[in-house]
Amino acid sequence: MAWIVALIAVAAAVAGFTRAYRTGLLEQQAVTRAELAERQAKAAEARTAALLDEIRQLARRRIPAAALALSHPSATVPGLREAAEVDGGAALLLTEAVQAARTAVLEERGRVDAAARAAMRGTSAKIQSLLNQSQQLLHELQHEYDDPRILQLDFRNELALRRTQSTAVLCDAWPGLARQNSPLVEIVLGAQSRVAGYERIKVSNHLRDERLALAARAAEPLAIALAELLANATAYSHPDTDVQVTVQQSGGRGAFLVVDDAGIGMDEDALERARALLAGPAEVLLTELGDPPQTGFAVVGRLVVQYGFECHIEASPFGGMRTILRVPAHLLTVLDEDRNLSALAPAPVTAAPAQPAPAGTDTPAPDAAEPSGLPSRRRRAPRRTPATATAARAAEPSAAQPSRTPEAAGASWAALQQGTLNGRSVTGRTPAPDTGAPDHQDDQGDDEK
């Protein structure tokens with residue numbers, strides 16, 4: 001009987017131990033689950049905080065930096081701050097948000113720029129019409145009044161007309177002026193007359209054919225493009241230096257207009273941007289041209305694309321920049337013999353003829369045995385000293401200088417006006433006046449690239 005009681009006691013003890021073990025195990029599992037839930041909650045809070053930080057950075061830094069980088073490619077766009085705390089899906093969505101913002105900004109900029117172009121195109125056409133009327137009125141006043149200030153007004157009206165034309169071209173509008181087939185050298189003169197500081201521009205005509213001309217449809221666009229290049233050359237070089245323009249003719253590649261200045265030059269970034277604009281990009285936004293906008297190279301680039309010109313810029317041997325504007329051969333023609341050239345057009349540069357040796361100098365004849373391809377040294381005549389030159393001038397009889405009467409002065413002024421009108425009738429534009437040059441070029445607006 002005792003053993004039965006003992007067996008029951010053992011069984012009860014085992015059952016109690018089992019229940020206690022199970023109770024402890026369940027309590028331990030509950031604690032483990034609680035700790036796991038707490039860790040998961042803390043991790044979720046950390047991920048939420050990291051995601052909130054990334055969204056905050058997205059709104060405050062990444063999207064504004066991405067918008068800024070559209071206008072300034074050197075600007076950096078920050079990435080994710082805590083990439084390890086943000087899962088792949090959230091990181092991908094944040095990156096897509098930046099790209100979507102960039103796309104939206106680009107589309108909005110395009111719409112705004114197109115609206116601005118349309119408004120400027122219409123405004124430029126109206127202003128250009130008014131300036132043409134003013135130019136015609138000034139021409140009539142030149143016939144009626146003998147006042148040099150009328151020429152100054154005409155010149156300033158020409159500068160304003162050029163700027164209006166450039167704005168219209170930049171907005172994909174027609175230049176607003178039609179021409180006939182025009183001699184190339186007269187187009188250069190017409191472009192020179194539209195630039196402040198025109199008196200510093202020196203033109204050298206190296207054409208083999210003096211009557212080489214440009215087709216009518218490309219004459220005015222070439223004048224606009226060259227005027228922009230000359231405006232840059234004069235604006236970015238010292239007022240005491242000259243701007244050299246060389247007109248050259250190539251065999252089968254057309255003609256070249258080379259502009260050299262002794263200006264401040266360009267750094268690598270500015271030169272790279274200038275070449276990109278001169279190459280004629282598909283689209284140039286007005287907002288990318290600066291404040292105030294520097295439209296010169298952008299205008300030339302638009303004309304390059306539309307009319308088939310080529311333009312290249314590089315460092316000049318004169319210390320500034322050299323710009324080469326090429327006119328393709330299919331745009332060139334030759335004028336008929338009955339077409340008179342402007343009297344203001346520079347004559348072609350030819351080799352100077354050999355001057356006869358002065359009497360009394362020893363100039364040996366070339367030796368027949370000497371190879372003809374080698375140069376031979378010749379004795380030069382002694383140079384005249386300043387004293388002998390002064391004595392020679394004193395020995396020459398001086399011609400009597402007749403006094404200038406009012407009638408003679410009026411005849412000279414009438415001849416000047418007639419020559420000016422003859423030049424305009426050939427070039428189709430207003431030449432630069434010979435008097436009353438402006439003292440401050442910055443007031444003329446030729447201060448942009």
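A salt bridge here is a side-chain nitrogen of Lys or Arg within 4 Å of a carboxyl oxygen of Asp or Glu. The model is predicted, so local features need pLDDT of at least 70 and side-chain atom pairs count only at pLDDT 80 or more, while totals for chains, interfaces and linings use all residues. Residues are numbered from 1 along each chain as its sequence is written, and side-chain values use heavy atoms, leaving out hydrogens and water.

**View 1. Arg194 and Glu158 meet in a salt bridge.** Their side chains come to 3.9 Å, N to O. Arg194 sits in the loop between helix 4 (184–192) and strand 2 (201–206) and Glu158 in helix 3 (residues 148–170), so the pair ties together parts that are 36 residues apart in sequence. Helices (H or I, at least four residues) and strands (E, at least two) are DSSP runs, numbered from the N terminus.

**View 2. Arg322 and Asp260 form a salt bridge.** Here the N to O distance is 2.7 Å. Arg322 belongs to strand 7 (residues 321–327) and Asp260 to strand 5 (residues 255–260), so this pair ties together parts that are 62 residues apart in sequence.

**View 3. Arg117 pairs with Asp113 in a salt bridge.** The closest N and O atoms are 2.7 Å apart. Because they are 4 residues apart in helix 2 (residues 88–144), Arg117 and Asp113 are separated by about one helical turn. Arg117 and Asp113 are both buried (under 20% relative accessible area, with exposed over 50% and partly exposed in between; 1.4 Å probe, protein chains only).
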